[in-house]
Amino acid sequence: MSISRFMTNKDHRPVTSTSSARISYFAKPTELEDPLFDSTDMSRDNIRRHIRQERNSLSSEEQNQLALIASRHMLAEIQAQSAQHVALYFTQDGELATQKLIEALWELDINLYLPCIHPFSKGHLLFVRYDRDSVMVNNKYGISEPQLNVQHIIPVDKLDMIITPMVAFDEHGNRMGMGSGYYDRTLAQVTNNKPLAVGFAHDCQQVSQVPTDFWDIPLPVIITPTRRLAI
Ligand SMILES: Nc1nc2c(c(=O)[nH]1)N(C=O)[C@@H](CNc1ccc(C(=O)N[C@@H](CCC(=O)O)C(=O)O)cc1)CN2
Ligand SMILES: Nc1ncnc2c1ncn2[C@@H]1O[C@H](COP(=O)(O)OP(=O)(O)OP(=O)(O)O)[C@@H](O)[C@H]1O
């Protein structure tokens with residue numbers, strides 16, 4: 001596993017000065033400061049509830065600043081991979097925001113896709129083209145997705161990269177999502193890193209160990225505002 005550290009200060013906040021001093025900090029797995037958090041209960045539900053609370057407690061200013069920094073790193077990753085067809089997500093629930101990244105990728109004429117809940121196949125996603133003029137609708141979770149049009153669907157193996165939302169992750173690339181297995185089923189279709197799945201999350205979403213099951217597929221790369229983990 002290799003870890004590249006980006007510039008941050010000790011609180012995982014972005015370094016805003018243009019000083020060339022390199023202050024590196026390896027973000028520790030989430031400190032269990034929440035008095036209601038039972039650290040001996042490593043059940044998926046307990047971790048999920050705690051981390052969702054953590055990421056939602058960031059102020060909107062922090063969210064914006066962290067998203068800007070992380071988006072720069074993700075853009076560099078996309079360009080390094082020469083990815084032309086990229087799936088990402090429409091931000092919800094305190095997730096590391098993708099809006100800035102979306103605008104930058106549109107400017108670069110990179111083709112974007114968003115996940116849509118499959119209308120018939122329970123637990124599956126479809127990836128649908130997302131343009132500036134896409135007609136958007138809310139799915140059953142209240143998340144915006146492009147209105148389904150069969151001509152705008154891309155098969156998973158035609159994507160170059162899937163930027164994957166998650167609730168928690170660990171240093172081995174294990175991820176935990178919202179608990180419906182949508183991305184697990186999507187990642188099961190990846191062969192030889194085509195498409196390359198890249199996790200995108202706040203540092204505070206890292207835990208010491210994500211409890212895994214046989215269907216969980218680790219991510220080869222995770223990008224946070226401060227680090228690039230390559231597993
Ligand atoms: N931004 C984003 N889009 C995404 C995902 C994601 O994690 N993030 N998904 C990743 O899979 C899929 C949607 N999966 C989701 C699964 C559960 C809930 C959710 O809010 N569950 C509620 C209970 C809602 C209910 O039962 O009706 C909850 O847990 O509070 C949201 C999205 C596809 N789109
Ligand atoms: N590849 C798969 N094929 C069939 N069922 C699966 C697969 N992956 C996961 N599941 C089912 O999905 C359910 C939810 O899985 P899990 O709790 O790992 O979801 P998650 O990773 O938190 O959510 P998501 O992938 O949507 O972000 C599990 O109970 C499991 O039975």
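**The model and its confidence**

The structure is a predicted model, and the predictor gives the complex an ipTM of 0.95 together with a pTM of 0.89. The pLDDT averages 88 over the chain, and 82% of the residues reach a score of at least 70. Among the elements of the chain, the lowest mean pLDDT, 64, belongs to strand 1 (residues 2-5), whereas the highest, 99, belongs to strand 2 (residues 85-87). Over residues 7-32 the pLDDT falls below 50, although this stretch still has 50 contacts in the model beyond its near neighbours in sequence. Where pLDDT is low, the predicted coordinates should not be read in detail.

**The chain as a whole**

The secondary structure of the chain comprises four helices and 13 strands. Of the 231 residues in the chain, 48% are buried, and the chain exposes about 11700 Å², of which carbon and sulfur atoms supply 50%. Among the contacts in the chain with a separation of 6 or more, 69% are made by residues 24 or more positions apart.

**The two ligand sites**

Around ligand 1 there are 14 residues, and those that come nearest are Arg52, Phe90, Gln92, Glu95 and Tyr141. This shell divides into ten nonpolar, two polar and two charged residues. Around ligand 2 there are 15 residues, of which Arg44, Arg175, Gly177, Tyr182 and Trp215 come nearest; here the division is five nonpolar, four polar and six charged. The table sets out polar atom pairs between the protein and each ligand.

| Ligand atom | Protein atom | Distance |
|---|---|---|
| Ligand 1, oxygen | Arginine 52, polar side-chain atom | 3.0 Å |
| Ligand 1, nitrogen | Phenylalanine 90, polar backbone atom | 2.8 Å |
| Ligand 1, nitrogen | Glutamate 95, polar side-chain atom | 2.7 Å |
| Ligand 2, oxygen | Arginine 48, polar side-chain atom | 2.9 Å |
| Ligand 2, oxygen | Tyrosine 182, polar backbone atom | 2.8 Å |
| Ligand 2, oxygen | Aspartate 216, polar side-chain atom | 3.5 Å |

Taken on its own, ligand 2 has 650 Å² of accessible area, and the protein covers 73% of it. The elements that each give two or more residues to the shell around ligand 2 are helix 1 (44-56), strand 10 (175-176) and helix 4 (182-187), and helix 4 gives the most, with four residues.

A polar atom of the side chain of arginine 175 lies 3.0 Å from the backbone oxygen of proline 165. Leaving aside neighbours within four places in sequence, the contacts of arginine 175 include Thr164, Pro165, Met166, Tyr183, Asp184, Val210 and Asp216.

Which of the classes, buried or partly exposed, does leucine 68 fall into? Leucine 68 counts as partly exposed because its relative accessibility is 33%, whereas alanine 70 counts as buried because its relative accessibility is 0%. Leaving aside neighbours within four places in sequence, alanine 70 is in contact with Leu96, Phe200, Ile223, Thr224 and Pro225. With leucine 96, alanine 70 has a C-alpha to C-alpha separation of 8.2 Å, the two being 26 residues apart in sequence. For leucine 68 and lysine 140, which are 72 residues apart along the chain, the C-alpha atoms are separated by 29 Å.

Notes: Residues are numbered from 1 along each chain as its sequence is written. Chains are lettered from A and ligands numbered from 1 in the order in which they are written. This is a predicted model: local features need pLDDT of at least 70, side-chain atom pairs count only at pLDDT 80 or more; totals for chains, interfaces and linings use all residues. Side-chain values use heavy atoms; hydrogens and water are left out. A residue is near a molecule or strand if one of its heavy atoms lies within 4 Å of it. A polar contact is a pair of N or O atoms within 3.5 Å; within protein, one must be able to donate a hydrogen and the other to accept it, and residues adjacent in sequence count only if both atoms are side-chain atoms. Ala, Val, Leu, Ile, Met, Phe, Trp, Tyr, Cys and Pro count as nonpolar, Asp, Glu, Lys and Arg as charged, and the others, Gly among them, as polar. pLDDT is the predictor's confidence in each residue, from 0 to 100. Contact means heavy atoms within 4.5 Å. Buried means under 20% relative accessible area, exposed over 50%, partly exposed in between (1.4 Å probe, protein chains only). Accessible areas come from the Shrake-Rupley method with a 1.4 Å probe; for residues, only the protein chains shown count as cover.
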